[in-house]
Amino acid sequence: MVDANYKFVAVDIGSFGKEGDSSIFLKSNMGKQILDGTFGFPEQCNLPGSDKVAPHVIVGDEAFRLYKHIMKPYTRKSARENPAESVFNYRLKVTTIDDLVWVACCLHNMLREGYMEKNKRPFFDHNTEQPPPIDNMIPLTRRGGFSNIEGFEVREVFKTFFNNEGALPWQPSS
């Protein structure tokens, strides 16, 4: 929710709703491109200080489906029973996504305050001689699918790396 000066006054991040983040993401153009392999990720490469090769990935939470380029944590139950999976989940740090949204909202408010101080009004005067923007909204359409074997294999590479040569000195050992 925003106030009269277009500053966020209330933000609801990660709440449950009729349609979750995963479903919305998979229906987006970006989600479709990631799933069909046309997104344009960089070539897979060695993990830092390792001979293990892995693809570039984005990180989702438990609701996301596991794919070659979409990582998600192991289930809480599984991670409780398997220390290596627990380390993987810790290193994935899915919870930081909510923190990033909060930071973006705070940054937006700071920018709005700066604009207000400089311009003494909460809005921007549009130049009517310039054409309005077109195609700046991404249509959402339905897309199905389930986790695939490649996703499981990629997650296993990262788990092994995080628990061996990629281990941090202060992380719990598996």
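A: Twelve residues make up the largest nonpolar core of this predicted model: Leu47, Ala54, Leu66, Met71, Tyr74, Val87, Phe88, Leu92, Val154, Phe158, Phe161 and Phe162. As a general background, nonpolar side chains in soluble globular proteins tend to be buried together. The top contributor is α6, with four residues.

Let's pick one member and see what it touches. Leaving aside residues up to four places away in sequence, Leu47 is in contact with Lys52, Ala54, Val157, Phe158 and Phe161. Besides this core there is a second, separate one of eight residues, and Phe25, Leu26, Phe41 and Tyr67 are among them.

Now follow helix α4, which spans residues 83–92. Its buried residues are Ala84, Glu85, Val87, Phe88, Asn89 and Leu92. An α-helix has 3.6 residues a turn, so residues three or four places apart point the same way. With that in mind, look at Val87, Phe88 and Leu92, which are buried in α4 and also belong to the core. The cover over the buried residues of α4 includes β3 (58–59), β4 (70–71), α3 (76–81) and α6.

Both ends of α4 are worth a glance. After the helix comes Lys93, whose phi is positive, near 50°.

For contrast, turn to the surface. Leu107, Met110 and Leu111 form a nonpolar patch there, with about 330 Å² of accessible area together. Leu111 sits in helix α5, residues 96–119. Leu111 counts as exposed because its relative accessible area is 59%, and the cut-off for exposed is over 50%. Leu168, in the segment after α6 (149–163), is partly exposed, because its relative accessible area is 29%. Leu168 and Arg91 are 77 residues apart in sequence, yet their C-alpha atoms are 9.4 Å apart in space.

Finally, step back to the whole chain. The protein chain has six helices and four strands, in the order α-α-β-β-β-β-α-α-α-α. Of its 174 residues, 26% are buried. Among contacts with a separation of 6 or more, 62% join residues 24 or more positions apart. The chain exposes about 12,300 Å², and carbon and sulfur atoms supply 58% of that area.

Notes. Residues numbered from 1 in each chain as written. Predicted model: local features only at pLDDT ≥ 70, side-chain atom pairs only at ≥ 80, totals over all residues. Heavy atoms only, no water. Patch = residues over 30% accessible without salt bridge, like charges linked within 9 Å, V, L, I, M, F, W, Y side chains within 5 Å. Areas by Shrake-Rupley, 256 points an atom, 1.4 Å probe, with all protein chains shown as cover. Salt bridge = Lys/Arg side-chain N within 4 Å of Asp/Glu carboxyl O. Helix = DSSP H or I, 4+ residues; strand = E, 2+ residues; numbered from the N terminus. Buried < 20%, exposed > 50% of the residue type's maximum accessible area, 1.4 Å probe, protein only. Contact = heavy atoms within 4.5 Å. Core = buried A, V, L, I, M, F, W, Y, C linked by side-chain atoms within 4.5 Å.
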